Amino acid sequence: PFTGRITGLAAAGVSNVFLSASDADGSNPTHAAIRALAATTGAPVIGDAGPWLVGAGQPVRLQLGIGSAATWTVTGLPTGLSADSAGLITGSTAVAGDSTLGLTAANVSGQARTSGLLVVEPALAGTPVFSDPGELFGMVGAAFSGTLSASLSPIEYTVAGGPTWLTVVPATGVLGGTPTAAGTWLLALSARNGAGTTRTTTVLRIDPAPVPPVTPPAPAAPVSSVSGGGCGVGAAGLLVLLLLAGLRRRER
C-alpha cells in the first residue's frame, strides 16, 4: 500500500484491476488490465523478479535466471546499466529511483515474459562506495576466499543470499568457507560507516570438483598350464618324471 508495488504469481488470463492512490486530500481511482499469457511447456521459468536493491554510483553485477539456461532480453534499465544475452546486468548508475524492467527469457521451446523491479537508492554523502569485486569463483571441496572492499572506512560489511558455508568478517569484508555444492548465487552486499549504508549485488559461482582420471587395473601375470592341444613346460616336466620312474623299475 505504501509503495505501489504489485507482486505475485500470475495465472493465465486477463484481470481487471481497480487502482487508487490516496493522500491527505483524498484519492483518485482508476482501472487497469493485467494480461498473463499461458506458460509454454519447456519454456524457461523466471523464478526471481526482484526487487533488487542497489545504490546510486555503486558497481552492479546482477545475474538473472540463476539455475536455468536461456537467452535474455532486458528493457527499462536506468542509464549506466546494461544486460547481456546471458542475463547478466552490469555497470553503475547515478539515476536513483524505481525501474520496472521488462524481462524476456527464451529457449528452443518458447519464451517467458514478466516485469522485474530494480530499486536504485540515492547516494548519501560520505557513505561507502564499493570497489567492483567482479564475479567471485570457487570450486567444490577447495577452500574459498575473497575480500569485499569499499572506500570511506566501512565499519561493517554484510552479505545475504549466499550458500550456508559462506562466511564474512564484518569488520574487514573477508569472505571464506569451503564450498559443498556447485551452483550460482546472487549476493546482496552492504557496507556501513558513520554516514550510512550503501548496497549493491555481485555473483558467486562455484564449479564442480574435477573428476579424477580412472586408472585401469594392471594386467594379471601369465600362469603356466598344461593344455590338451600341446606339450607345454608343465607337460615336458611330467614326461621326464615318467621316464625316470621306468628306468628305476628296470634296475630292480
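This is a predicted model: local features need pLDDT of at least 70, side-chain atom pairs count only at pLDDT 80 or more; totals for chains, interfaces and linings use all residues.
Let's start with threonine 127. You'll find threonine 127 in the loop that runs between strand 9 (110–121) and strand 10 (136–139). Its side chain reaches the backbone oxygen of leucine 124 at 2.7 Å. So is threonine 127 buried or exposed? Buried means under 20% relative accessible area, and threonine 127 has 5% relative accessibility, so it counts as buried. Who surrounds it? Setting aside neighbours within four places in sequence, threonine 127 is in contact with Leu152, Asn193, Ala195, Gly196, Thr197 and Thr198.

Threonine 200 sits in strand 16, residues 196–207. Threonine 200 is buried too, with a relative accessible area of 1%. Which backbone oxygen does the side chain of threonine 200 reach? That of proline 59, at 2.5 Å. Proline 59 also turns up among the contacts of threonine 200 beyond four places in sequence, and that list includes Leu53, Phe130 and Leu189. Here's one more pair to find on your screen: threonine 200 and serine 92 are 108 residues apart along the chain, and their C-alpha atoms are separated by 9.8 Å.

Last stop, the surface. Leucine 19, in strand 1 (residues 13–23), is partly exposed, with a relative accessible area of 31%. Together with Ile6 and Ile34, Leu19 forms a nonpolar patch on the surface, with about 260 Å² of accessible area together.

How values were computed: Residues are numbered from 1 along each chain as its sequence is written. Side-chain values use heavy atoms; hydrogens and water are left out. Helices (H or I, at least four residues) and strands (E, at least two) are DSSP runs, numbered from the N terminus. Buried means under 20% relative accessible area, exposed over 50%, partly exposed in between (1.4 Å probe, protein chains only). A polar contact is a pair of N or O atoms within 3.5 Å; within protein, one must be able to donate a hydrogen and the other to accept it, and residues adjacent in sequence count only if both atoms are side-chain atoms. Contact means heavy atoms within 4.5 Å. Patches are made of residues with over 30% relative accessible area and no salt bridge: like charges are joined within 9 Å, nonpolar side chains (Val, Leu, Ile, Met, Phe, Trp, Tyr) within 5 Å. Accessible areas come from the Shrake-Rupley method with a 1.4 Å probe; for residues, only the protein chains shown count as cover. A salt bridge is a side-chain nitrogen of Lys or Arg within 4 Å of a carboxyl oxygen of Asp or Glu.
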